[in-house]
Amino acid sequence: MGIWQGFLDSLKGLFEVSGLTALSWENYVMIGISCFLLFLAIKKQYEPLLLLPIAFGMLIVNLYPPIMAAPSTQMIPLSEYAGDASGYAITTIDGIQYVNKPEYGGLFYYLYQGVKLGIYPPLIFLGIGCMTDFGPLIANPKSFILGAAAQVAIFITFIAATLMGFSNGQAGSIGIIGGADGPTAIFVTTKLAPELLGPIAVAAYSYMALVPIIQPPIMKLLTTKKERSVVMQQLRPVSKLEKILFPIIVTIVCSILLPSAAPLIGMLMLGNLFKESGVVDRIFKTAQNELMNIITIFLGLTVGATATGKSFLSWQTLGIIALGLAAFSVGTASGVLFGKLMYVFTKGKVNPLIGAAGVSAVPMAARVANKVGQKENPSNFLLMHAMGPNVAGVIGSAVAAGVLLSVCG
């Protein structure tokens, strides 16, 4: 009987420490959402490099919340402490001595410090710079207009968020989601509204990953079949000297005008200078591949791990996600509408679809513009033309971040 009772007690203890009793209904909702995002990443292949680690981080934190727990200190009466207390601080309260035993935080807590302290975003920009060809933008400077047009959504959303009761710092952090630039959104939020870092980071990276779903309906709604079928002329060749001077000049100009944008712009242009100079091949390859992949893993997992059930399923968070979606949609629409103006002014030489690539989701938005154009005209290749506004959008979102940091910081 004693053995049987001990077995039952063991089962009861196992049940009590399992997730069946520790998890709330909010956790189970988030587990379901994370599984859906994993489906989109694996089955539909919607930017799996971003969406898969984000979704898995969301999954594991809702199965095991302590993985994001912050370090703490456990106070144990010295008389009850069985181990060696010589290495710990001793606190005396009401004549009773307590051992201050530190409890380490969860794994993701420490990895998350790179997000919280604003370390990962500039490193991501370094890798993006290594992988980006500014040639299409240099060859067609008018692309800057489309990149700037897509950033209009950031400031429209900023105004809308302030009207909804968010503070200026919070509104700026929400508005930057409209740039479809996860690293920039994280960088701005750590400075202006760190309390909103979790939902804003998840929203920004989720919308980046879902570009192939969100953008095409907006693009088709705002353009005609004739406009989508426009075949653009081949871009002029860009010299190596132009490609080397471009990142240096952009860094100098942006850093002088908007010093707060220097960390992002500077790292983006440094990565591009690694690429175009041709004299640092080893560190160029490291920044483009190993470093970029490592930071992407850490960033994706920890961003997803901020989406715990209780913190994520709130009216404030849902409002942020809704505003972020509106910002991203307006950014896409603004780029397309400016593309239509350029179509009119150039007498049909510009395909308005490339305006949608003005959001800085590189290179996803450019690929989507190319894909939508080819559906209307299989001989239409818009990728290189769309890369101009796309990389202009990266610069534009960093500049917009500098403006928000200057105004709201």
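These legends accompany an overview and several close-up views of a predicted model.

**Figure 1. The whole chain, for orientation.** The C-alpha trace spans about 90 × 45 × 45 Å along its principal axes. Of the 409 residues in the chain, 52% are buried. Among contacts with a separation of 6 or more, 76% are between residues 24 or more positions apart.

**Figure 2. Helix α4 crossing helix α17.** Here we look at α4 (residues 48–63) and α17 (residues 281–304), whose axes come within 6 Å and cross at roughly 45°. The two helices are therefore oblique to each other. Their crossing is right-handed.

**Figure 3. The residues where α4 meets α17.** Staying with this helix pair, the view moves to the side chains and glycines in contact. On the α4 side you will find L49, P53, I54, F56, G57, M58 and V61, and they meet T296, I297, G300, L301 and G304 of α17. Sorted by class, this contact has 8 nonpolar and 4 polar residues, with no charged residues.

**Figure 4. The open sheet of three strands.** The next view turns to the strands, where 3 of them form an open sheet in the order β1-β3-β2, with antiparallel pairing. At the edges lie β1 (72–77) and β2, each of which pairs on one side only. On average, neighbouring strands of the sheet are turned by 35° against each other, direction ignored.

**Figure 5. The pairing of β1 with β3.** Strands β1 and β3 run antiparallel and are joined by 6 bridges.

**Figure 6. The hairpin of β2 and β3.** On to the other pairing: β2 (residues 89–93) and β3 (residues 96–103) run antiparallel, with 5 bridges between them. T91 has Y98 as its bridge partner in β3. Between the strands of this hairpin are 2 residues, and D94 takes a positive phi near 55°.

**Figure 7. K347 in a loop between two helices.** Our last stop is K347, in the loop between α19 (315–345) and α20 (364–376). The phi of K347 is near 60°, a positive value in a residue other than glycine. Is K347 buried or exposed? With a relative accessible area of 78%, K347 is exposed, since residues over 50% count as exposed.

Definitions and conventions: Residues numbered from 1 in each chain as written. Predicted model: local features only at pLDDT ≥ 70, side-chain atom pairs only at ≥ 80, totals over all residues. Heavy atoms only, no water. Axes fitted to C-alpha atoms, helices over the stretch in contact; angles between N-to-C directions. Helix = DSSP H or I, 4+ residues; strand = E, 2+ residues; numbered from the N terminus. Parallel < 35°, antiparallel > 145°, perpendicular 65-115°, else oblique. Left-handed = near helix turned anticlockwise from the far one by under 90°. Contact = heavy atoms within 4.5 Å. Nonpolar A, V, L, I, M, F, W, Y, C, P; charged D, E, K, R; others polar. Pairing = 2+ DSSP bridges. Buried < 20%, exposed > 50% of the residue type's maximum accessible area, 1.4 Å probe, protein only.
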